[in-house]
Amino acid sequence: MGNYWVAVAFALLGPLLMWRVLFGRTRRPTFAVQGDGESLSVIIPARNEAQRLPALLRSLQQQTVSPREIIVVDDESTDDTVAIATAAGARVLGGQPLPEGWNGKAWACWQGAAASGGELLLFLDADTWLEPDGLNTLLQLHATHGGLISVQPYHVTCRPYEQLSAFFNIVLMAAMGAFTPLGARLRPGGAFGPCALCSREDYNRAGGHRAVRAELLEDIPLGKQFLRSGLSVWCEAGRGTISFRMYPGGLAELVEGWSKGMGYGAASVRPLFTVLTAAWITGCFAAFIEPIKSLVVQGGLPLGATAALYAVYALEVAAILHQIGRFAWWAPVVYPVPLAAFALLMLRSAVLTFVFRRVRWKGRTIVRRTM
């Protein structure tokens with residue numbers, strides 16, 4: 001019975017942590033941006049992205065706002081990344097060998113920023129693509145909020161195994177502490193990595209990617225660096241603006257991808273929001289354990305009461321996933337399956353990050369040097 005009341009007590013935490021995602025989408029700015037994209041440099045770090053890069057480059061060509069330049073920083077690719085970027089009209093920057101003490105993405109972004117000429121810098125992961133008018137929306141957000149605009153893309157899934165990413169997306173956004181009813185009155189715990197926009201002046205003031213060069217992942221530390229420099233960080237959900245499809249290469253890629261950073265990320269954001277998110281996850285576990293106990297334990301709670309609690313959590317998961325990604329309709333119904341995958345991969349990530357102090361990604365071993 002204790003688990004039942006734990007689940008009841010924690011049921012509202014998910015909607016509260018994701019409040020602005022669920023209820024605040026009509027507040028986005030809708031004005032025209034003066035000067036359009038003439039001062040904008042788009043910087044795309046790319047390592048063996050021949051399969052993903054074309055969608056992003058096509059989406060950039062189809063925007064209502066044209067950036068000043070599109071720079072693809074080739075990070076020692078061994079596939080057709082360079083040829084594809086060149087054919088699409090992007091400026092290709094051959095990345096220099098990775099220096100000691102840098103991680104690959106931070107080094108590529110730093111080189112791209114140094115080679116660019118725009119007053120605004122937009123860093124995009126190669127597996128993203130912009131929705132129609134998405135670039136204009138990003139510029140509107142920057143004109144409204146300033147500082148660093150950080151957007152977690154809308155996650156498009158296609159195959160059954162990709163549904164295992166469901167709780168990673170929810171936890172990543174909830175633990176950032178950026179989507180509560182307090183809005184801008186509460187500073188986020190960092191920034192998201194796939195899409196980040198800022199002025200060159202603010203980038204230099206914060207130290208840019210050089211300031212986070214030794215970090216296992218650059219996204220959360222970069223946001224913290226902006227905040228320490230007296231600059232704002234505004235986080236957004238990407239629905240209608242920018243999307244991506246993560247780990248289309250199969251289950252092994254998904255396991256490696258989520259393992260590389262989730263343990264580190266959980267230890268990097270504010271402890272309060274890590275605890276609140278963990279409490280909601282605990283409620284999710286309890287909500288599906290209780291109906292099982294009602295079936296197998298005599299004298300337990302009525303099945304109707306425990307099944308209703310399960311339905312509440314499933315509906316919460318469904319509502320959140322609808323806003324942050326295109327997941328299968330059945331994923332929230334069987335949410336314990338992606339929830340179990342999340343728990344196992346979080347454990348794997350923690351062991352790799354804090355015990356072995358190294359992870360693998362795209363053929364490189366990334367060593368954790370700092371926190």
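Predicted model: local features only at pLDDT ≥ 70, side-chain atom pairs only at ≥ 80, totals over all residues.
When residues up to four places away in sequence are not counted, the residues touched by Glu162 are Val156, Thr157, Arg245, Met246, Tyr247, Leu254 and Phe327.

One of these partners, Tyr247, belongs to the loop between strand 10 and helix 11. Tyr247 is buried, its relative accessible area being 5%, and its backbone has a positive phi of about 55° although the residue is not a glycine. Pro248 is found in the loop between strand 10 (242–244) and helix 11 (251–259), but with a relative accessibility of 24% Pro248 counts as partly exposed. The C-alpha atoms of Pro248 and Glu162 are separated by 7.8 Å, while the two residues are 86 residues apart along the chain. Neighbours within four places in sequence being left aside, Pro248 is in contact with Arg52, Arg159, Tyr161 and Glu253.

The loop between strand 9 (233–237) and strand 10 contains Arg239, which is partly exposed, with a relative accessible area of 28%. Arg239 and Gly325 are 86 residues apart in sequence, and their C-alpha atoms are 7.5 Å apart in space. A positive phi is also found at Asp133, where the angle is about 70° although this residue is not a glycine. Asp133 lies in the loop that links strand 5 (128–130) to helix 7 (134–145) and is partly exposed, with a relative accessible area of 30%.

With regard to the chain as a whole, 15 helices and 13 strands are present, and buried residues account for 58% of its 371 residues. Among the contacts between residues at least 6 apart in sequence, 80% join residues that are at least 24 apart.

Helix 8 is largely enclosed by the rest of the structure, because eight of its nine residues are buried; these buried residues are Ala166, Phe167, Phe168, Asn169, Ile170, Val171, Met173 and Ala174. Helix 8 (residues 166–174) packs with helix 15 (residues 336–355) at an angle of about 65°, the two axes being 7 Å apart. Helix 8 is therefore roughly perpendicular to helix 15, given that angles of 65 to 115 degrees count as roughly perpendicular. The contact is formed by Ala166, Phe167, Phe168 and Val171 on the side of helix 8, and by Pro338, Leu339, Ala341, Phe342 and Leu345 on the side of helix 15. By residue class, the contact of helix 8 with helix 15 comprises nine nonpolar residues, with no polar and no charged residues.

Rolling a probe the size of a water molecule over the atoms shows where empty space is left. A search of the whole structure finds one cavity of 30 Å³ or more, and the volume of the largest cavity is about 60 Å³. The lining of the largest cavity is made up of Lys105, Cys109, Phe123, Leu148, Ala191, Phe192, Gly193, Ala196, His209, Glu218, Asp219 and Leu222. Helix 6 (104–115) and helix 10 (219–228) each supply at least two residues of this lining, and the lining residues divide into seven nonpolar, two polar and three charged.

The loop between strand 3 (91–94) and helix 6 holds Trp102, and this residue is buried, with a relative accessible area of 8%. Residues up to four places away in sequence not being counted, Trp102 touches Trp107, Trp110, His209, Arg210 and Arg213; among these partners, His209 is also one of the residues that line the largest cavity. Trp102 and Ala214 are 112 residues apart in sequence, whereas the distance between them in space is 4.9 Å, C-alpha to C-alpha.

How values were computed
Residues numbered from 1 in each chain as written. Heavy atoms only, no water. 1 Å grid on protein atoms, 1.4 Å probe; cavity = no way out; pocket = protein on both sides within 12 Å on 5 of 7 lines; lining within 4 Å. Points joined across faces, edges and corners; volume = space filled by probe spheres on them. Helix = DSSP H or I, 4+ residues; strand = E, 2+ residues; numbered from the N terminus. Nonpolar A, V, L, I, M, F, W, Y, C, P; charged D, E, K, R; others polar. Axes fitted to C-alpha atoms, helices over the stretch in contact; angles between N-to-C directions. Parallel < 35°, antiparallel > 145°, perpendicular 65-115°, else oblique. Contact = heavy atoms within 4.5 Å. Buried < 20%, exposed > 50% of the residue type's maximum accessible area, 1.4 Å probe, protein only.
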